[in-house]
Structure formats: structure tokens, C-alpha cells
Amino acid sequence: MRTIEHGRRTGFASLGAGGIKRDSFPMRLFTKGNARHWNPADIDFTQDAKDFAAMSDDERWWTCALAAQFLAGEESVTQDLQPFVAAMAAEGRFADEMYLTQFVYEEAKHTQAFRLWFDAIGMTGDLHEFIEFNDAYMEIFTKELPDSLYALAHDPSPRNQIRASVTYNHIVEGTLALTGYFAWQKVCASRGILPGIQQVIKHIGDDERRHMAWGTFTCRRHVAADDAMFDAVDERMQELMVPAMGVVTATFDRYEGQDPPFAIDIGEMAEYAMDKLGRRLGAIESARGADLLTIDVDASPEALEERFHAEDQRALAVAR
């Protein structure tokens, strides 16, 4: 039997009967991503530099901490996601492998975008101080994320795929990054500042809605194939819930007893994060007992992310 597993190739998925299944969910995401190319170097950060210079010291610290966490996080996943590509090849899922190559490329672009922003506002020195105070952040990005993803290099089993996907797609992206983007949007739109970073967030948000949809899809297909895998989803979410919330709250700890910059509400941020996480968990649970062939072409994970986006846009319009 032919295989496309890395290092053991005896055949080619694209040459097989029927070629690449164009209506499969990962191919739909790949095609959509191809149509939405953007270049970080095209974004003008001139006004952002002026807006940053006009901020108070506390506002500048908060803004740098938020941006630095994104910059380091985007770099982390650019590196750590690559074992998932090989795991898809080991499973013979070339369409998923194609999509994940695009996924890694987009994460690299996100890294470039945030680094260009820091350079443009004059923050060219060492930025580690803006992440190292956050112990929960360091735990997730220097231990939990790489450990769960590189486990796939040795054992690309469904359980390990679920643990990797929950860690990245549902905790790092679906909880931490999405909550951070919500904070960025409220700050920028309510004050009419940082137009460059607003463009970055718009582009990255569009990319990451596809990323999170793929993560939900991946968990759904494993749960549909083996009902016991839902326990693995829930287990990993429970393991990471405390450190994930710790990442969100640590920046607020600096301002204990006083209002944080930009009047960001910690309760609102935590509620936002938990709502999105809970609803994705429900989408995964709905796959229990479902037909695998149906799951492979089911666009509901993407529809869920678009619904979240529409809700955010309505909330943002009220905040303006």
C-alpha cells in the first residue's frame, strides 16, 4: 500500500484516483487562504508611531506588553506547528498537510507584522521584559505548546493530535489571541488610534478564523471516529484553563488597586475568553457519533468562527 508519510514515501496523493478532494474542509480553507494574501511590509505604521509617542508611560507599557506577547507567540507557533504537518502526512491526509503549510506561512507573516510595528514605533531594544513577568505566559509558550506539538514527532496518534490542537487552536489562538485582539480592537477603535495595528489585526483575525476552524474540524473528526477522544479534548482544556486565565490576568496585576490603561475590564476579557472556548467545545462535542464522511466536508467550524467575528463587530460598533 502506498504511503505519503515523510521519509517513507512510496506514492503521491495528488496522483491517486480522484486526485485531491476539492470539497474537503481543509482544501476549502486552503483555497480561501490563497485568495486573501496580504503583505505586512505594505502596512504604514507612521501614524502608529505618533500615537504611541503621545501615550502616557503606563499606556506605552501596556501596549508593548500586549504586542510583545503576540510577537513572541507568533514566532513560537511558526516553529512549533511544523510537527503537525508531518503528522498529517503520517495519516495520509495530504489536503490537511497542504493547508498546514499555508498555516505556518501565515504565522510567519504575523511575526513579521508585529516586529515591523515595534521597529516603526522605535522599540528596537530587547523586549523580553514585556513577557517574562508573566509566568503563565512563559509556561504555555516555552513548555506546554512545544511539548504538545513536538510529541507528534514521536507519536502522531489521534490523542496526541487532539492535545496539540487543543493547546494551539483552542487555548493559544481561541482563548489567548482572540481575547487579545478583542482588547486591541476596543482600544484602537474607541480612541481612533494606531491605524496600522488595526490593519494588522484585521488581516491576522481573518487568517486565524481559518486556523481555529481547522482545529475544531480536526478535533471533530477524531471524536466522530472514536467517542473516547472527546474525553481527551476535555482533559487538555481542563489542564490549560488555569494557566490560560493566568496569561490574561497577569498584565492586570501590575495595576492592582487602580484602573488599568485604556479602561480595559478584566472581567469582560475573561468572560469573552470563556464564552468562545465553551462554544467551540460544544461544536466538538456535537461530532460524537457523527458520520466521518459528513465531517470531512462539514463547514460548520468555519461558520462558527464567522459568527464569532460578526458578534465582535457588533460589539465593537457599540464601543465606538
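Analyst: Two cavities of 30 Å³ or more are counted in this predicted model, a cavity being a set of points on a 1 Å grid over the protein atoms alone where a 1.4 Å probe fits but cannot get out. Grid points are joined across faces, edges and corners, and the volumes given here are the space filled by probe spheres set on the points. Because the model is predicted, local features need pLDDT of at least 70 and side-chain atom pairs count only at pLDDT 80 or more, while totals for chains, interfaces and linings use all residues. Residues are numbered from 1 along each chain as its sequence is written, and side-chain values use heavy atoms, with hydrogens and water left out.

The largest cavity holds about 380 Å³ of space. It is lined by 26 residues, of which Leu66, Gln69, Phe70, Leu176 and Gly180 are the closest to its centre; a lining residue has an atom within 4 Å of a point. Helix H3 (57-80), helix H7 (135-150), helix H8 (158-191) and helix H10 (229-253) are the elements that give two or more residues to this lining, helices being DSSP runs (H or I, at least four residues) numbered from the N terminus. By class, the lining has 17 nonpolar, five polar and four charged residues, where Ala, Val, Leu, Ile, Met, Phe, Trp, Tyr, Cys and Pro count as nonpolar, Asp, Glu, Lys and Arg as charged, and the others, Gly among them, as polar.

The second largest cavity contains about 40 Å³ of space, and its lining consists of Trp62, Thr63, Leu66, Trp184, Val187, Leu194 and Phe262.

Turning to charged pairs, the whole structure has 29 salt bridges, each a side-chain nitrogen of Lys or Arg within 4 Å of a carboxyl oxygen of Asp or Glu. One of them pairs Lys32 with Glu302 at 2.5 Å, N to O. Since Lys32 lies in helix H1 (residues 25-34) and Glu302 in helix H13 (residues 300-319), this pair ties together parts that are 270 residues apart in sequence. Glu302 counts as buried, at 12% relative accessibility. Both Lys32 and Glu302 belong to a network of salt bridges whose members include Arg28, Arg36, Glu106 and Asp206.

Arg115 and Asp119 form another salt bridge, with their closest N and O atoms 2.8 Å apart. These two residues are four apart in helix H5 (residues 94-120), and so are separated by about one helical turn. Arg115 is partly exposed at 27%, and Asp119 is likewise partly exposed, at 38%.

Definitions and conventions
Buried means under 20% relative accessible area, exposed over 50%, partly exposed in between (1.4 Å probe, protein chains only). On a 1 Å grid over the protein atoms alone, a cavity is a set of points where a 1.4 Å probe fits but cannot get out, and a pocket is an open set with protein on both sides within 12 Å along at least five of seven lines; lining residues have an atom within 4 Å of a point.
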